[in-house]
Amino acid sequence: MNRSPLQLAQQLLETSGIRNTDARRNVLTMLLGASRALTHLEVQEDFPDMDRVTLYRTLDCLTEAGLIHKISGDDRVFRYSASHEAQVQGTPQQHQHGHFKCTRCTRVFCLTGTEAPLAIQKQLRLSLQATLGSGFQSHEIELTIKGWCAACAQT
């Protein structure tokens with residue numbers, strides 16, 4: 001059964017242990033329905049009545065709860081996306097997938113639906129451990145592929 005983004009947002013907020021406020025529910029619903037990662041300004045455009053500080057706190061809270069993830073870009077702009085893993089499992093999950101960034105329009109897309117990023121991350125962890133030796137521990141690996149999105153490649 002396919003759930004609407006609103007239904008999924010409500011379920012994720014309930015299982016996450018954080019309070020289900022209007023701001024959190026609305027922002028999470030929007031990100032669950034988005035086809036790509038969105039900047040703070042893009043999210044703010046959909047909620048013009050929401051205070052900027054409230055939006056920042058909402059994004060931070062949802063990130064800390066594992067319901068969305070923050071993607072840092074080389075353009076110094078953070079983008080936010082609903083955690084695909086949480087969408088599939090219906091519970092908050094650690095962010096474990098790669099991204100594709102279009103170098104023309106700067107949009108960022110999550111790479112989901114494949115186990116390849118997890119396999120690559122596991123291989124990178126093993127390689128790092130062998131290269132760095134004992135005592136080093138990686139906590140996060142960011143995988144970003146850069147190129148042109150389908151729309152930009154046609155122009």
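A crossing of two helices is termed left-handed if the near helix is turned anticlockwise from the far one by less than a right angle, and right-handed if clockwise. The model examined here is predicted, with local features requiring pLDDT of at least 70 and side-chain atom pairs pLDDT 80 or more, while totals for chains, interfaces and linings use all residues. Residues are numbered from 1 along each chain as its sequence is written, and side-chain values use heavy atoms, without hydrogens and water.

The crossing of H1 and H2 is right-handed. Contact between these helices (heavy atoms within 4.5 Å) involves Pro5, Leu6, Leu8, Ala9, Gln10, Leu12 and Leu13 from H1, together with Arg24, Arg25, Leu28, Thr29, Leu32 and Gly33 from H2. These residues comprise 8 nonpolar, 3 polar and 2 charged; Ala, Val, Leu, Ile, Met, Phe, Trp, Tyr, Cys and Pro are counted as nonpolar, Asp, Glu, Lys and Arg as charged, and the others, Gly among them, as polar. Helices are DSSP runs (H or I, at least four residues), numbered from the N terminus.

The crossing of H2 and H4 is also right-handed. On the H2 side, Ala23, Arg24, Val27, Leu28 and Leu31 are in contact with Thr54, Leu55, Thr58, Leu59, Cys61 and Leu62 of H4. This contact contains 8 nonpolar, 2 polar and 1 charged residues.

Charged side chains were examined over aromatic rings, the criterion being NZ of Lys or CZ of Arg within 6 Å of the ring centre and within 35 degrees of the ring normal. Lysine 70 is placed over the face of phenylalanine 78, 4.4 Å from the ring centre. Arginine 104 has its charged end over the ring of tryptophan 148, at 3.6 Å from the centre.

Definitions and conventions. Helix = DSSP H or I, 4+ residues; strand = E, 2+ residues; numbered from the N terminus.
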